[in-house]
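I opened my notebook to record what I looked up in this structure.

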Amino acid sequence: MAGQLKDKEAYQRMNYLYQAAHCVLSQNPENMELARFYCFTQRTIARRLVLRQDPSVKRTLCKKCCSPLIPGVTATTRQRRKNRKTSFTVMRCLSCGQSKTLLNNPDYCLWVDRPEAQLEQQKQPDPGPSAKKQPKNPKSGGSASSQSAASTQQQRKQKQQPSSGNKKD
Amino acid sequence: MEEALVRAAIPRDLGKVLGVESQTKSKAEAFTQAFLKNSIHQPTRHDLKSMLSHKAVILGYTRPKKDKSKRNSKRAKGLNARQKREIKVFQIKPEHQRYELFLPLHGLWRQYIIDLCSGLKPTSPQFVQQKLLKADFHGAIITVVRSKCPSYVGMTGILVQEFKHVFKIITKEDKLKVIPKRNSIFEVEINGFISHIYGSKFEQRASERSAKKFKVRGTIDL
């Protein structure tokens, strides 16, 4: 438990940096470098301390250039099909051109969501679309961020619906 | 007429149903501008004049070998040297960006610090300081209190970026100032709790500070 406490500060810091990146982007959608800097710092912290992040957070960061991926602002999202059954969601980062492919499988359950991985009590699942619309509201960002700070505090333990299922909708 | 329709705000009940909040006019305009700029940047690449003037004449024709499929899968993950070329730090934008735009960031920072210390000034400043060592200062209002170089003293602004040896702050006059950390003492104020930071001891990258422990080394002075 003591190990968890030490990391808690680091998690709070990473969480704050993520929100700060979104806040900055909402204020001025043209400057992307500052948001990229914050996300780069966040990723460096995670790498140094070897912290696990929730897949929902990792999915919104570009792996190559570390910029936050916001569909419509910094990234384009497209749906593609391979067979009749499997369909992909392809997100392309506009700044570096790196594309990210996610499989749409509504039955897929992330490891974090499975009951054996949950050590604490489960929290309320955040619906996918409203979490994405959150960064565009700078005014409510002030009040919502404190709520989201509380809810995303333990990023590892956060319960969410598999966002691949939400994207298919 | 159609333009006015496009720019009208979404009616409240529809907004509730969709889960969307319509923004203020200025923000919506800024967003639209940036969005259009991002989407329509194709023509600048194809500069027509240069295209017409430099026309290549093909003398012989050989098919290039397409061997890139294997190499690409490794390069997709390769990061470093290329990003540093596409410089990550912002350059000319601060003339574009004003101090007011960073105030919400400062509000966010304040909430974060209050949350981190879980109650301001709980009679043990030591506790708060321990937390501050590992905290993040992006978005804090920082003042230079004492410094070996007298021209730095008295500078105040919101910290925008933190590098290994410098702080970048933006002052109220919308100027981006670069202040080296060495030989300066900074002051951070949170709701009446003032804390002084010795810059010489803080010469680490922002992320490294969170990872490393601090040792008391040498005298604490300018």
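The entries below cover conventions, salt bridges, a sheet and a cavity.

**Conventions.** I noted that this is a predicted model, in which local features need pLDDT of at least 70 and side-chain atom pairs count only at pLDDT 80 or more, while totals for chains, interfaces and linings use all residues. Residues are numbered from 1 along each chain as its sequence is written, chains are lettered from A and ligands numbered from 1 in the order in which they are written, and side-chain values use heavy atoms, with hydrogens and water left out.

**Salt bridges.** I found 7 salt bridges over all chains (a side-chain nitrogen of Lys or Arg within 4 Å of a carboxyl oxygen of Asp or Glu). I looked up Arg13(A) and Asp136(B), whose side chains meet in a salt bridge at 2.8 Å, N to O. Arg13(A) lies in helix α1 of chain A and Asp136(B) in the loop between α10 and β1 (141–147) of chain B, so this pair joins two chains. Helices (H or I, at least four residues) and strands (E, at least two) are DSSP runs, numbered from the N terminus. I recorded Arg13(A) as buried at 0% relative accessibility; Asp136(B) is also buried, at 0%. Buried means under 20% relative accessible area, exposed over 50%, and partly exposed in between (1.4 Å probe, protein chains only).

I then turned to Lys131(B), which forms a salt bridge with Glu9(A), with the closest N and O atoms 3.4 Å apart. Lys131(B) belongs to helix α10 (residues 125–134) of chain B and Glu9(A) to helix α1 of chain A, so two chains are joined by this pair.

**Sheet in chain A.** I traced an open sheet of 3 strands in the order β1-β2-β3, with antiparallel pairing (two strands pair if DSSP finds at least two bridges between them). β1 (75–81) and β3 (99–103) stand at the edges with a single partner strand each, so one side of each has no neighbour in the sheet. Strand β2 (residues 87–93) pairs with β3(A) over 5 bridges, and Val90(A) stands opposite Thr101(A) in β3(A).

**A residue in helix α2.** I located Thr44(A) in helix α2 (residues 33–49) of chain A. Its relative accessible area is 12%, so Thr44(A) counts as buried. The C-alpha atoms of Thr44(A) and Met14(A) are separated by 9.6 Å, although these residues are 30 residues apart along the chain.

**Salt-bridge network.** Last, I noted that Arg48(A), Arg205(B) and Glu208(B) are linked in a network of salt bridges.

**Cavity lining.** From helix α1 (residues 2–27) of chain A come 3 residues, the largest share of the lining of the largest cavity.
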